[in-house]
Amino acid sequence: MKEFKYVIADKEGIHARPAGLLVKEANNFKSIITMEKDGKTADVKRIFALMSLGAKCGDEVIVRIDGEDEAEAAGKLALFLKNTL
Amino acid sequence: MKLIKGKSAFASIAIGKIAVYKKKEQRIQRTHVDDTKGELTRFEEAKTKTVEQLQELYKKALKEVGETGAAIFEVHQMMLEDQDYLDSIFNMIQSQHVNAEYAVGTTSDHFSGMFAAMDDDYMRERAADVKDISERVISNLSGSMQDANVFKEPVILVAEDLAPSETVQLEKDKVQAFVTKEGSVNSHTAILARTMNIPAVVDTNIDLNKELDGHLAVVDGFEGVVYIDPTDEVLDKMKQLQAEELQKKELLQQLKGKENITLDGQKIHIYANIGHVSDVASVLANDASGIGLFRSEFLYLEKEDYPTEEEQFYVYKTVLENMAGKKVIIRTLDIGADKQIGYFQMDKEENPAMGYRAIRICLDRQDIFKTQLRALYRSAVYGNLSVMFPMIISVEEVHAIKKIIEEIKAELTKEAIPYGEVELGIMIETPAAAMISDLLAKEVEFFSIGTNDLTQYTLAIDRQNPKLDAFYDPHHPAILRMIQMVVENGHKNGIWVGICGELGADESLTEIFLRMGLDELSVSPSYILGLRKKVRGINVGGKNE
């Protein structure tokens, strides 16, 4: 299981478009990917769940990845978040 | 004449005949279904059809409004494929033996309700997206897709609300503007209107009366007002505004992409002064070759507490990326006791203009300064960044600044955080700085003359005092002589000199500025093209147009 923390830098938080891109990115991997904010956890492959977290600029989220491609997924997702959010 | 007030989604003027658009009510009946398998298949087929339609809409939107605007339809597709959404529908059909329409409708209510309850404005808007896609699925289930509007002549569409999918299907030559009863300026509908350049006024609470059909209306997208059956006076005024708008557009067409070069080949940079990230669109729309002054204060004014390094970094990065390599000059924090920012806890001053402000705050409270500098240097990786410091009066101040910069660079290196090259300059806005500009020119890479404050301090006149109007001369020889001196001192030491104060936009001085050899003028975005036109008509060496 891989885990990393990330502070949302995007002024608008996780809004529709980057959420969609993140879901798309997450769906490339076989692992189970979740994001936690303030104790609430959402499946990153599900756009409604992800958006319902209401992650805003400045929020710290914990991304957890569990599965056969977790190493690759962790690296790619961390990079994706840095570039997009 | 009737006057309707609402919120403007796009600032432009439209004059035309009203066409009221009433959506056919989709009454969802709950019926009992025995063949749940068949019902699931029905749903799947409708869903597939909907996804296809969304893909078509995406392609159309891509052409009309580009990638960012079209992206919403990709998000709509994702919502439709979301496992939670689909699970809800499947479970309802299978366990409750209900028809697909009902299952979709109820699921839609559930998810849109979730968004509507969120405390973020943007998220609340997404409720409309869920409704849009769900309604489309239901329409496909019942086989009744309402066609995009067909009109004989260009109309002003009046409706309860428009879904993003309906907006993107509007033919610009058929629909001049739209007015909706509901809606918000944050909605995707409004965003699309802006990108498609269709004047729109939303959230008007207008009475959707079919009797309005055919009546003349004026949509004033600047004020967010709609005039139904306008008086001749209003009509004339609006026609005039429309003509002016058209003129500006034509100017834009003529001058966009053209160089800021005089008849005899002297070039000058014309940049834009802005105060907020949202102004960047205006910078690009007015074809500025760069941002000569980005007032960073808004970051501090907009908040209840000091903006963090991350927040600042994100804003600077965004601006640099949007400007795609064009020069961006960001001025560090320039506030004083006259701008009461509570959390700064500054003492009240007798003379805020000459008080604890700008660089003085930064050199005194280095934690604030370092945070801003760190964010700036980090963002420099993403574009062409210059930074300038306000209110400078001495060489010592510049040395102190540079020392702090070396400190933050060392910190960032130690923390393995990447940072970029930054061109450093100062504002010449005090008589002291003008008088020692020969010494200051050796310390920095450029000067930007802040004529507003320079004039105030030099003439010892408070511009806010109307009693002094008779004494105030913006073209005072003292100021012009100072500008000339600063340019000469700058050039002698191999640095470039620009003006970011209001005087830069004063077209009666443009020729003089060119003769002095100024390298750059940074003005409000709306002045850029007019200034370019002026420059292109001047012959610095001789007779002019």
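**Exercise 1. State what share of the residues of chain A count as buried, then describe how chain A is built.**

Solution. Of the 85 residues of chain A, 44% count as buried. A residue is buried if 20 or more other C-beta atoms lie within 10 Å of its own, exposed if 12 or fewer, and partly exposed in between, with C-beta atoms placed from the backbone. This is a predicted model, in which local features need pLDDT of at least 70 and side-chain atom pairs count only at pLDDT 80 or more, while totals for chains, interfaces and linings use all residues. Residues are numbered from 1 along each chain as its sequence is written, and chains are lettered from A and ligands numbered from 1 in the order in which they are written.

Step 1: count the elements. Chain A has three helices and four strands, where helices (H or I, at least four residues) and strands (E, at least two) are DSSP runs, numbered from the N terminus.

Step 2: Along the sequence of chain A the pattern is β-α-β-β-α-β-α.

Step 3: check the confidence. The mean pLDDT of chain A is 87, and 100% of the residues score at least 70; pLDDT is the predictor's confidence in each residue, from 0 to 100. Within chain A, confidence is lowest in helix α1 (residues 16-26), at a mean of 84, and highest in strand β2 (residues 32-37), at 93.

**Exercise 2. Find which strands pair with β2(A).**

Solution. Two strands pair if DSSP finds at least two bridges between them.

Step 1: take β4(A), residues 60-66. Five bridges join β2(A) to β4(A) in the antiparallel sense, and A:Thr34 has A:Arg64 as its bridge partner there.

Step 2: take β3(A), residues 40-43. β2(A) and β3(A) are also antiparallel, over four bridges, and in β3(A) the partner of A:Thr34 is A:Asp43.

Step 3: look at the turn. Two residues separate β2(A) and β3(A) in a hairpin, and A:Asp38 in this turn has a positive phi of about 50°.

**Exercise 3. Describe the side of chain A that touches chain B.**

Solution. Step 1: count residues. The contact takes 20 residues from chain A and 23 residues from chain B; two residues are in contact if their C-beta atoms, placed from the backbone, lie within 7 Å.

Step 1: name the elements. On chain A, α1 and α2 (47-52) give two or more residues each, and α2(A) has the largest share, five residues.

Step 2: look at α1(A) itself. Eight of its 11 residues are buried, including A:Leu22 and A:Val23.

**Exercise 4. Is helix α7(B) buried or in the open?**

Solution. Step 1: count buried residues. Of the 24 residues of α7(B), the number buried is zero, so the helix lies largely in the open.

Step 1: see what follows. After α7(B) comes B:Gly257, with a positive phi near 80°.
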